[in-house]
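Open your viewer and keep the selection tool handy.

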Amino acid sequence: MKLNLSNYPLTDNHCHPFPLNREPVDFERNMCIGLYPVKSENMRNTLYFHMMINELRRFFNLEESVSIDEVIAIRNKNARENRDAYVKSLLQDAGYTRLLVDYGYPISQKTLTSAELDEFKSNVSEMDVKSINRIEWVANRLLLQELSFDKYDELLVTETKEMIKSQNLVALKSVIAYFTGLEVKILPMNEVRIGYYSYLADKSDRSYEKIIRDYTFMKACEICKELDIPLQVHVLIHGSYPYLEELGMILNHYDNLYADISSLVPYASIAAEDKLKKLFEMAPLNKVCFGTDGAGIPEHAWFGGVYFKRVLENFLNELIDKKYISYSFAEQTAKNILYDNVTKIYNL
Ligand SMILES: [Zn+2]
């Protein structure tokens, strides 16, 4: 028996809104996940761009002879003139039923307007949408106020909890990796206090900033433990790309640690086809979730879902053929990664 995952329901464990007016004019520039402007010509020479174009040809029923520019023109017409129906049909094509959306996007903190949020909510109105937001946005707001340390400490907790409650968050997220890295150190309180005031006195000093970022991260852990919700850590989500073997090993060793493969799928193009095997070597497969980190344009989440189902299907069928695993374990694993693990991990 062969697995066929095309009709399985799908949850994106980590994605972002994609407001129309923030799309780069050149479609190909969306293929870069970096934060700096990139040349169109370079993006047109990525595998991801060509995989995306071919998948769009399938989606729009176009012959291979239809040029790249014509495909993009058809895509743009749909995405710009008929966005709501277009996004809905993309999500349906991939089999999505649920999205976990990080609203603390973009990193530049040019936060989305209410009109942009309304547009997104309409686009995904057929989905079960769950929200996630970042402790750093609370921390950054408080740090600007230059409060006493005790007041910062108090408000960080109360305002983060308030954000979780008022926005109905299913998880808190930390993007500490963007600021001072993941080598979080636990320091005695008097050192944190001194570090806090030193940072306020000189905000350009990264060593002082690291003290308060690390402390804020530890507070995020405490809040999540108390409220019994997961903490998404930027990098542990995203498959720790390119360190998939290491991620598999720590998932194997620590029961309360989970991962998704977002970002790696779809931005790293064919990486899913070999890097996932590295992750799956040791990772308990009831702890790995599908995700895309789709942002900017709706096609990332769509392409990621369609492509990943194919890769996972091939991989699991290969393991069945080799008689390494049973059909029933393969089927359960597919359901877990595509949907059920998120339900369990987030208590949905
Ligand atoms: Zn993200």
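Predicted model: local features only at pLDDT ≥ 70, side-chain atom pairs only at ≥ 80, totals over all residues.

Select H14 to begin: H14 counts as buried because its relative accessibility is 0%, buried meaning under 20% relative accessible area with a 1.4 Å probe and protein chains only. Residues are numbered from 1 along each chain as its sequence is written, and side-chain values use heavy atoms, with hydrogens and water left out.

Now show the zinc ion. Its donors (N, O and S atoms within 2.8 Å of the metal, or 3.2 Å for Na, K and Ca; water is not among the atoms, so sites may look incomplete) are H14 (NE2), H16 (NE2) and D293 (OD), at 2.0 to 2.2 Å. Along the sequence, their spacing reads H-x1-H-x276-D.

Next, select C32, I33, G34, L35 and Y105, which lie nearest the centre of the largest pocket among its 37 lining residues. A pocket here is an open set of points on a 1 Å grid over the protein atoms alone, where a 1.4 Å probe fits, with protein on both sides within 12 Å along at least five of seven lines; lining residues have an atom within 4 Å of a point. The space in this largest pocket is about 1100 Å³, a volume filled by probe spheres set on grid points joined across faces, edges and corners.

Finally, move to the second largest pocket, with about 820 Å³ of space. Select L231, V233, L236, N256 and L257, the closest to its centre of 28 lining residues.

Methods. Buried < 20%, exposed > 50% of the residue type's maximum accessible area, 1.4 Å probe, protein only.
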